[in-house]
Amino acid sequence: MSPSKRLFVFDFDWTLIDADSDYFVFEHLNAELSKIQLDSIGKVQWTDLQQRLLGELFDRGVSREDIERTLTSIPFAPERIEALKLMKEQGSDLYILSDANTVYIETVLKAYNIDNLFTGILTNPAQFDSRGRLNVTRYHGLDKEPHRCPLPCEPNLCKGLEFQKLIDSYNWTQVIYMGDASNDFCPSTHLSRERGDLVLARRGLSLEQRIRERPDLVKAEIVYWQDAQDVLEATKDIFFGGRDRVSSLTSTAFSSTTSLSTMVESSSSSILASSPIDEIKAVSATSQQVLSAVESSDSKMFAQAVKA
Ligand SMILES: [Mg+2]
Ligand SMILES: [Zn+2]
């Protein structure tokens, strides 16, 4: 019999760190390229755009050391580190599943001495060449068949597809996915209610929007969080929350923490359960508009946060 073990899978940008690493690098190293990056949102495939802009950054004299120094200045909240260490101490496996790249993520983790907590990092491969130019390529390369995921996944990465492989790799006691954005919706649909799986969704960003549009697709319990302290509280509850984990999450465990007591919702309890056919029609009719709006408000929010 395999030992009892939980699987935690994390998005990186705006989930483990309170920044978008792709924006952060350009914002701090070249204002002009940073503006091009922001103006190109939705017009160019994102990984290909980073590869092109990193070439221009190199041509303007920005060195490998400059990029590494910038990455190590990205803040990593101590409460999140405490939560990650707790997960690891309790015997869980931790993975990162991200649309950033290997160099950005590994450099940040090493700066905080937490790279050893993770079993694996699934993201776009990157490396510096001998001159110090950083190259990044698509995780799901153009040499492969398109993944054809119908959910809002980018052509270079269907997180749900990769997440399912991790889920299938072991007989997990519980699986927890944590994310913030549209491309975190697909993996959120791969969880199981029977196993007591959880989605830890960041409040107010596009993952929450997607879940509210299609709550029927997410079977797991959803815990909404806003900051690193919420994540730490939720982690403690996962491990020490009491006999009946789900009922503790929805009632007693968070009753003393006002920020969390209102965050826990069953995915099936919101739009569809309370509102029959009319609202379902309304949701699908406006779906496309909502999706575009969510995307643009995301990028604005990212830009503002990085500039702040
Ligand atoms: Mg993210
Ligand atoms: Zn997908």
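These legends walk through close-up views of a predicted model.

**View 1. The whole chain, before we zoom in.**
Let us start by getting our bearings. The chain holds 14 helices and nine strands. Of its 308 residues, 40% count as buried. If you look at contacts with a separation of 6 or more, 67% of them come from residues 24 or more positions apart.

After H6 comes Asn113, whose phi is positive, near 60°.

**View 2. Helix H4 crossing helix H6.**
Stay with H6 and bring in one of its partners. H4 and H6 pack with their axes 8 Å apart, at an angle of about 60°. Because of that angle, H4 is oblique to H6. The crossing of H4 past H6 is right-handed. On the H4 side, the contact is made by Glu68, Leu71 and Thr72. On the H6 side, Tyr104, Thr107, Val108 and Ala111 take part. Sorted by class, this contact has four nonpolar, two polar and one charged residues.

**View 3. The largest nonpolar core.**
This core has 67 residues. Which of them touch the most other members? The answer is Val9, Ile176, Tyr177, Val199, Leu200 and Ile222.

**View 4. Helices H2 and H3 side by side.**
Now for another pair of helices. H2 spans residues 31-39 and H3 spans residues 46-59. Their axes come within 11 Å and cross at roughly 165°. How is H2 placed relative to H3, roughly parallel or roughly antiparallel? An angle over 145 degrees counts as roughly antiparallel, so H2 is roughly antiparallel to H3. H2 passes H3 in a right-handed crossing. From H2, the residues in the contact are Leu33, Ile36 and Gln37. From H3, they are Leu49, Leu53, Glu56 and Leu57. By class, the contact of H2 with H3 has five nonpolar, one polar and one charged residues.

**View 5. Two loop residues with positive phi.**
Trp14 is not a glycine, yet its phi is positive, about 65°. Arg148 also has a positive phi in a residue other than glycine, near 55°. Trp14 sits in the loop between strand E1 (6-10) and H1. Arg148 is found in the loop between E5 and helix H7 (159-168). Is each one buried or exposed? Trp14 has 21 other C-beta atoms within 10 Å, so Trp14 is buried. Arg148 has 9 C-beta neighbours inside 10 Å and therefore counts as exposed.

**View 6. Glu27, a buried residue of helix H1.**
Glu27 is found in helix H1. Why is Glu27 called buried? The reason is a count: buried means 20 or more other C-beta atoms within 10 Å, and Glu27 has 21. Glu27 and Thr70 are 43 residues apart in sequence. In space, their C-alpha atoms are 9.8 Å apart.

**View 7. Ala83 and the residues it touches.**
Ala83 has its place in helix H5, residues 78-89. With 25 other C-beta atoms within 10 Å, Ala83 is buried. How far is Ala83 from Lys236? In sequence they are 153 residues apart, while in space they are 7.8 Å apart, C-alpha to C-alpha. Leaving aside residues up to four places away in sequence, Ala83 touches Val231, Leu232 and Thr235.

**View 8. Helix H9, mostly covered.**
Our last stop is helix H9, residues 206-213. Six of its eight residues are buried. Which ones are they? The buried residues of H9 are Ser206, Leu207, Glu208, Gln209, Arg210 and Ile211.

How values were computed
Residues are numbered from 1 along each chain as its sequence is written. Chains are lettered from A and ligands numbered from 1 in the order in which they are written. This is a predicted model: local features need pLDDT of at least 70, side-chain atom pairs count only at pLDDT 80 or more; totals for chains, interfaces and linings use all residues. Helices (H or I, at least four residues) and strands (E, at least two) are DSSP runs, numbered from the N terminus. Axes are lines fitted to C-alpha atoms, for helices over the stretch in contact, and angles run from 0 to 180 degrees between N-to-C directions. Angles under 35 degrees count as roughly parallel, over 145 as roughly antiparallel, 65 to 115 as roughly perpendicular and the rest as oblique. A crossing is left-handed if the near helix is turned anticlockwise from the far one by less than a right angle, and right-handed if clockwise. Two residues are in contact if their C-beta atoms, placed from the backbone, lie within 7 Å. Ala, Val, Leu, Ile, Met, Phe, Trp, Tyr, Cys and Pro count as nonpolar, Asp, Glu, Lys and Arg as charged, and the others, Gly among them, as polar. A nonpolar core is a set of buried Ala, Val, Leu, Ile, Met, Phe, Trp, Tyr and Cys residues joined through C-beta atoms within 7 Å. A residue is buried if 20 or more other C-beta atoms lie within 10 Å of its own, exposed if 12 or fewer, and partly exposed in between; C-beta atoms are placed from the backbone.
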